[in-house]
Structure formats: C-alpha cells, structure tokens
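I opened my notebook to get to know this structure. Here is what I looked up, in the order I went.

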Amino acid sequence: MKICERRQDMLDYPGHILVEGGPGAGKTTLALLKAQVISRSGLLKMHQKVLFLSFARATISRIEEQAHDIITKDDKHHLEINTYHGFTWSLIQSYGYLLRTHRFFRLITPPNFSASIAGINNDAEVQKYKYDLLNNNGIICFDLFGELVSELLSRSDKICRQLSSKYPYIIVDEFQDTDTHEWEIIKQLGKYSKIIALADLNQRIFEFRGASVTRVPEFVSHFGGHRLDLGLENNRSTGLDIVQFGDDILTGMNRGKKYKNVKVITYNFYRSDPKLPLLNALKQAFNRKKTIGKGGDWSLAILVKRKSDTLKVSSYLTSHRLSHEVIIDPEGPSLSAGIIAKVLEPNPRKDHAGLINLLCQHIKGRKGTKVSIQDIQQAQFLEGYKPEKKVVGSKRKLLIAEIMNIIDQRSKVSLSGVPEKDWISVRNLFRDSKHEVLKNVFEDSRFLRLLNKGAVLSEGLSDQWRNYQAYPEASKLVDAALTQEHFAMTNRTLKGIFVMNLHKSKGKEFDEVIIWEELYNPIVNPDVKRIEQDKLVLRVAVTRAKSMATFLTPKMQPCVLL
C-alpha cells in the first residue's frame with residue numbers, strides 16, 4: 001500500500017479516527033500500520049496494548065495473517081486481537097457480579113438456547129425466559145453480552161479507566177455492524193481511550209440484529225476527530241472490476257455493462273440435472289486454477305440464499321466426489337455432537353434417559369428457532385417416554401426400537417483409541433438407522449469441525465483413552481469444546497471449496513466466488529421493503545472474490561438486479 005499524504009495524516013493523528021472505504025480499500029492494513037506507529041512512538045507503557053476488535057472469528061484469522069505480514073514481532077507484542085464476544089465475556093467474568101447476585105456465570109450456547117425455547121412463539125416470552133435464566137440461575141445468552149457490558153461501563157467509571165489504562169487505543173472493525181449496546185460500549189471506552197473505527201455503510205447487512213445506517217454519523221457527532229474516506233480504492237482485486245460491479249449493483253448501473261473478471265451467466269434449466277450449470281462453472285474455475293498454476297492455497301466459495309440450499313449443493317458436490325467444506329449455522333451440528341459423545345461413553349444403556357433428552361434437544365434446536373409442530377410433538381413424545389408405558393403408533397414404536405438398537409450396537413463397536421476413528425464408528429450407527437430423527441443426527445454431525453488434528457476435543461479424548469481405555473467424559477469434553485469454539489482465535493487459512501449462504505461470507509476472502517441462484521428460488525426479493533437490504537448482501541458476497549466472481553442466474557427467471 002502506498003502511504004499518500006491523506007494516509008500519513010491519519011497515521012500521525014493523535015485522537016479519535018474514522019476510516020471509511022469499500023471492500024479491499026485497505027482499512028485493515030492502515031489500522032495495523034497505525035498500531036505499529038503507536039507502538040514505535042513510545043506511546044505505550046510495558047503493560048499497555050492496542051486492542052483490535054472485530055465480529056467474526058474468520059475476520060480475526062484474516063487480521064492475524066495480515067498482522068504477521070505487516071507488523072514486526074516486537075510491535076505485535078503491543079497488539080491484542082479479539083472478537084466483541086471474547087472481549088465482553090472476559091469483562092462479564094471479571095465484573096459481572098457487580099450487576100447481578102451471581103459470582104460466577106455459565107454460558108448457554110445458541111444451539112442449546114434455541115432448543116430450550118422451542119415452541120415459544122411470543123418474543124416477549126422469549127425475552128422473559130432469557131432474563132429469568134440470567135437472574136435466577138446465572139446462565140447467560142450470547143446476545144446479552146453487549147447489554148450487560150454497556151450497563152457495567154455506564155455505571156462504573158473506574159472500570160472504564162482501568163480498561164483505558166490497559167488499552168489506550170482501540171481499533172473497532174466493521175463499525176457499521178455495531179448494535180445499540182455495542183455502540184454504547186464504544187462510547188464508554190472512548191471517554192479515556194482513543195477509538196479508531198473502520199466502517200463501510202454499504203456492508204451493513206446485519207440490520208436485523210440492530211445495526212443502523214446512522215452509526216457512522218453518530219460516531220462523527222460524538223467523537224469528532226479525524227475522518228478518512230478511502231472511497232472505491234481497491235487493493236484486494238487490483239486492476240479488476242469486481243468491487244465496481246458490487247457498487248454498481250447498489251445503484252443499478254451494472255445493467256448492460258461488462259466487467260473485467262466478473263461473469264454473469266444466465267443458464268438454461270436442465271430437468272434431469274438442475275445443478276449442471278454450477279458443475280460447469282466449477283470445471284471452468286478448475287481450468288483457471290490450472291492455467292495460473294495455483295497450488296493448494298487456492299480457494300473458491302459457492303454462495304447461496306439459504307441454509308437448505310447450502311445442504312442441497314453439498315449433496316450435489318458429494319455425488320460428484322468433489323471435496324468441499326460446508327459452513328452453516330451451528331445448531332444442528334453442535335447438538336448432534338452431544339448425542340454422539342453420549343453414545344461414545346461406556347455403557348450408554350445406563351443413561352438412556354440422558355440420551356433421549358439430548359435427542360429431544362436436537363429435534364427442537366437443530367433448525368434454530370424455526371421448529372415445526374411435528375418436531376414439537378416428536379420431542380414431547382420422547383420427553384414423556386417411560387419404558388414401562390405402552391408406545392402407541394408405528395413411527396413412535398420404530399423410533400424407540402431404533403434408539404435401543406443403537407445402544408445395543410454400540411456394545412459391539414470395537415474402539416481403537418484413535419478419537420477420530422472411534423467418533424466416526426459411533427456416528428455411523430445413526431447413519432444406518434431406519435428412523436428420520438436418528439438419521440438427522442448423522443446428517444448434522446457431518447458438518448462438525450471439532451475433531452481436527454490438534455483440536456481441544458481430540459486431545460481431551462486422547463487423554464481419556466490413555467487413562468481409562470475408554471471415553472467416560474466425552475459429553476463434558478464436547479460441551480467444553482463447543483463453548484471454546486465460540487471464542488477461539490483461529491488462524492485457519494481458507495483453502496479448497498466452501499459452500500455457505502451469502503451472509504456467512506462476510507469477513508472472508510476467496511480466490512473465486514460463484515453465486516448460485518436456482519430457478520424459483522431468487523436471491524433478491526423484489527419487494528420494496530427487502531430489495532435494498534438484499535442489494536447490500538449481494539454486494540458483500542460478490543466482493544469476497546479476489547480474482548473472479550461468477551453469478552449464475554436462471555434464464556427463465558433471472559435476478560431482478562441483472
């Protein structure tokens with residue numbers, strides 16, 4: 001990046017700063033350079049750090065990678081990178097007792113919370129249940145972190161000063177996505193620390209969780225300071241028109257224009273193979289990869305509208321033996337992990353009631369808050385099941401029989417002591433089941449990523465085997481691993497093919513992006529209340545690409561924005 005006069009002014013400015021710019025404009029790079037300047041200027045004491053806050057762990061990984069390339073090891077000693085959740089949870093653990101009677105707090109993960117509120121359709125009742133968990137039991141949901149910490153900081157000037165003493169400079173990434181409570185936290189921290197906010201209002205795709213179009217003007221009004229707008233500068237896909245295409249989508253200027261390294265393909269519908277155009281687009285991407293000599297560090301994302309589309313595309317790729325990874329919401333995979341862990345433990349028959357309870361949680365929570373009446377009825381049956389009571393109905397009889405069959409089959413599984421192999425052996429018991437409830441456990445568990453080499457869960461299970469020649473506390477290890485997963489600062493580099501919905505692509509970068517729009521399943525809703533937000537989401541999705549963006553839309557029903 002060339003340090004022009006405008007950038008140098010920002011690097012030299014001692015107060016609050018707002019940096020605006022589109023995808024690839026260099027906001028993150030400039031912020032890291034600012035952290036380096038602060039470190040080298042002698043502005044920090046030995047114990048002090050520059051705090052870099054961002055929302056997603058995927059973004060953290062990218063920032064860590066950039067920091068490694070930009071900042072020296074000595075300067076990095078003065079840089080702390082964290083997520084909003086990680087930062088606020090540490091404050092709740094340290095000071096939460098000042099707000100509530102509980103000395104210690106326990107987390108309820110989003111999947112478990114979704115399962116616990118299944119069947120509650122009234123938002124007010126959900127909120128009441130959430131606060132009852134906190135006030136009566138000291139159990140806290142993730143979406144209360146911001147509210148509690150904003151209250152904490154607004155009531156304690158001493159804590160604000162302590163945080164400022166540790167973090168005199170705070171970089172706030174994705175500032176446009178902050179909700180009301182997060183904005184209040186930043187204002188409180190900004191009383192004694194200098195805030196460096198990075199923002200792009202056109203990447204504001206989380207209005208449903210409280211992000212606001214007024215956030216940037218509010219920063220200027222509250223803090224004043226220095227303002228730098230990088231505009232449409234593009235350092236991610238230099239010399240290409242990918243970012244320009246994304247920006248033109250917002251204004252309608254894209255219609256009829258051609259762009260460098262952006263392909264819009266209107267495809268014919270093939271009834272015998274509806275996803276054939278997607279397969280052809282992948283083959284073309286593989287050819288480009290081969291032509292430019294990209295090795296194992298090449299990445300491609302297939303972006304779709306919904307989670308259900310993600311799973312359909314994944315099944316299609318699997319049928320063509322194309323290796324890939326699916327990134328979806330954690331509810332189903334996380335809840336399925338608890339079930340497999342329970343069966344992995346010695347003699348699951350002793351606690352078949354515990355296994356049935358976990359199955360109920362999975363039924364109610366695997367779809368998030370979108371639980372069906374049939375799911376509720378299925379869970380209610382299992383919750384009321386007693387071995388001595390007669391079971392009525394063929395499907396219910398089959399479900400109980402299959403649960404007991406899995407327990408019986410588990411006793412015949414010869415464990416190897418290799419956690420990954422033993423996990424798969426137990427998981428396959430659900431694959432071979434005849435009942436949909438149990439097959440769903442297998443399907444969801446395929447998307448679990450807790451047993452990678454060196455992962456906490458894998459190491460914990462290995463320790464258990466060494467000590468007991470069994471996995472007696474597999475369930476506890478899974479719970480701990482799932483909780484840690486929400487705060488883990490992963491340094492993972494994205495390589496290979498990934499399938500996810502458009503929202504999940506936020507904060508990530510890929511060599512190529514393919515946006516797949518199926519017939520009768522439009523990505524953009526033409527409704528006047530939805531189309532503007534859908535434009536923003538589509539712009540974010542397109543601009544995840546570094547070298548090529550491909551948009552596949554059906555000829556019979558093309559995207560309304562093209």
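I started with Arg103, which lies over the face of Tyr97, at 4.5 Å from the ring centre. I kept in mind that this is a predicted model. I then checked Phe104 and found the charged end of Arg103 over that ring too, 5.5 Å from its centre.

Next I turned to rings beside rings. I looked up the aromatic pairs and noted 15 in the structure. I picked out Phe219 and Phe223, whose ring centres are 4.9 Å apart with planes at 50°, so I wrote this pair down as tilted.

Where do Phe219 and Phe223 lie? I found both in helix H11, residues 215–223. They are four residues apart there, about one turn of the helix. Are Phe219 and Phe223 buried or exposed? I noted both as buried. I also saw that they form one aromatic cluster with Phe175 and Trp183.

Then I stepped back to the chain. I listed 23 helices and 14 strands. For 562 residues, I would look for a radius of gyration near 24 Å in a compact globule; the chain has 25 Å, so the two agree. The C-alpha trace spans about 80 × 65 × 45 Å along its principal axes.

I looked up burial as well: 54% of the 562 residues count as buried. The chain exposes about 26400 Å², and I noted that carbon and sulfur atoms supply 50% of that area.

My last entry is on contacts. Among those with a separation of 6 or more, 76% join residues 24 or more positions apart.

Note on methods:
Residues are numbered from 1 along each chain as its sequence is written. This is a predicted model: local features need pLDDT of at least 70, side-chain atom pairs count only at pLDDT 80 or more; totals for chains, interfaces and linings use all residues. Side-chain values use heavy atoms; hydrogens and water are left out. Rings of Phe, Tyr and Trp (its six-membered ring) pair if their centres lie within 6.5 Å; planes under 30 degrees apart count as stacked, over 60 as edge-to-face and the rest as tilted. Helices (H or I, at least four residues) and strands (E, at least two) are DSSP runs, numbered from the N terminus. Buried means under 20% relative accessible area, exposed over 50%, partly exposed in between (1.4 Å probe, protein chains only). A charge sits over a ring if NZ of Lys or CZ of Arg is within 6 Å of the ring centre and within 35 degrees of the ring normal. The radius of gyration is taken over C-alpha atoms; the globule rule is 2.2 Å times the number of residues to the power 0.38. Contact means heavy atoms within 4.5 Å. Accessible areas come from the Shrake-Rupley method with a 1.4 Å probe; for residues, only the protein chains shown count as cover.
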